[in-house]
Amino acid sequence: MQTQRYAEAGVDVRRGYKAVELMKKHVATTMIDGVRSDLGGFSGLFELDLEDTPHPVLVCGTDGVGTKLKIAFALDRHDSVGIDCVAMCVNDVICCGAKPRLFLDYIALGLLSPLKVEQIVKGVSKGCRQAGCALIGGETAEMPGFYQEGEYDLAGFCVAVTEKEKIFDPGTIKPGDCLLALPSSGVHSNGFSLIRQVFSLDADPSLLFHWYESLGCTLGEELLTPTRIYVSQVLALAKQITIKGASHITGGGFYENIPRMLPLGLGAAIKKESIKKKPIFSLIQSTGSIPDDDMYATFNMGVGMVLAIDKEDADFALSLIPDAWVLGEVTDSAKVVIA
C-alpha cells in the first residue's frame, strides 16, 4: 500500500516493490546449497553443511565501491559496480583461505529507479557467481534529500567459512619465501579520488569518453573495468600447495598491504621490472606527474593479490596459474623495498 503523504515527501514504496521484482531473476542465479530463504523476507537464512569442517571458523568482510561510483554516474552505466562491491569483500576474506558462502548488499539512493537498481544487483549477482557465494538478501533505501539526484552508494557484507586447521598461517613466513603476484584487471576499486583529480573528471566528465590508443578503449571504459575476483584461483592453489599468507592490494598499495600478511620484523623485496604494469597506470602517472612511491602507495599497479609461498613451490604454482609471476621475496629488512 502506498501512502500519499510519504510519496509527497519523496518516497514511493511502489518503486521499491518494482525493483525487487526486477532483481529476483538475477538473485536466483546465485542460489547454492544451503540457502533457506526467499528474497523479500526480513532476513536471509543459510544452513551450513559442516560435515567436512570439524572446527569451522566464520570469516566476515565488508566494503564498498568508493568514488569509482562517480564514474558509473557520469557514464550512466551501473551493471558492473556490483562486481566491484562483491570483489572488495571476498578478496579480503580469501586472504586467510576462507570460502565465501553468502553475501548481502546495501544500496542507498536519493530517488529509487527500479531499472537502475536492477542493473546494480545484476552486477552483484555476477560477482557472487564468480565468488561461488549466494546473494541471500540486502537493503535498498530511498533517501530523498540525502543523495543528489542520480547518485547512490553501494556496500556489501560477506560471510565465509574455513576449517581452523586450514587457515593460512603468516607465522610460518620466513626470509627467502617467494611472493607470487596475481594480476589485476586494472585500477580495481581504489585510488579514484586521485584519478578524478588527475584527469579533472569532476569539472569535465566528458573526458571519460576520450579514446586512448594505449588503452585500446575510452578512459571511462577502462576505469569501469570490474575488480578481479581471486576466490577460485586461491582456493584451488591452496589444495595443491601451502599458501602461508595472502595480501589483497587495495588502498595503500604495496607499502601498506604487503606488510599486513608478514610477521613483525620481516619485509619484502619487490622487483620493479617484474611488475606487469598495465597502461592505465602509466597514463595516470604521466598525466598527474605522480612520483613512483606515490603510485605504489596508492594503486595496485597491475598486481591484485600477493601470495607468500615456499620458493620450492613457485614453479608448480606458476604452472597452475599461468598469468601469475614471481614478484619478489620475503626479507628480514622489516620494510617493503621496490627496486
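## Basis

The model is predicted: local features need pLDDT of at least 70, side-chain atom pairs count only at pLDDT 80 or more, and totals for chains, interfaces and linings use all residues. Residues are numbered from 1 along each chain as its sequence is written, and side-chain values use heavy atoms, with hydrogens and water left out.

## Domains and their interface

Two domains are assigned, domain 1 (4–166) and domain 2 (170–338); the bounds come from an automatic or database domain assignment. Their C-alpha centres are 25 Å apart. Contact (heavy atoms within 4.5 Å) joins 27 residues of domain 1 to 28 residues of domain 2. The buried area between them is about 2300 Å², with 72% from carbon and sulfur atoms; this is the accessible area (1.4 Å probe) that two parts lose on being put together, summed over both. On the domain 1 side, K68, I71 and N91 lose the most area to domain 2, together 26% of what that side buries.

Between the domains there are 0 salt bridges, a salt bridge being a side-chain nitrogen of Lys or Arg within 4 Å of a carboxyl oxygen of Asp or Glu. Polar contacts number 9 residue pairs across the interface, both residues at pLDDT 80 or more. A polar contact is a pair of N or O atoms within 3.5 Å; within protein, one must be able to donate a hydrogen and the other to accept it, and residues adjacent in sequence count only if both atoms are side-chain atoms. On the side of domain 1 that touches domain 2, α3 (69–75), α4 (81–93), β2 (99–109) and α5 (114–131) each supply at least two residues. Helices (H or I, at least four residues) and strands (E, at least two) are DSSP runs, numbered from the N terminus.

## Helix α10

In α10 (residues 279–288), the buried residues are I280, F281, L283, I284 and Q285. Buried means under 20% relative accessible area, exposed over 50%, and partly exposed in between (1.4 Å probe, protein chains only). Their cover includes α6 (192–198), β6 (211–212), α7 (219–223) and α11 (292–296). S289, with a positive phi near 50°, follows α10.

## Residue D38

D38 lies in the loop between α2 (13–28) and β1 (56–64) and is exposed, at 68% relative accessible area.

## Cysteines

The whole structure has 0 disulfides (cysteine sulfur atoms within 2.5 Å). For C60, the nearest cysteine sulfur is that of C158, 7.5 Å away; C60 is partly exposed at 49% relative accessibility. C128 is buried at 0%, and its sulfur is 3.9 Å from that of C133, the closest, which is too far for a bond.
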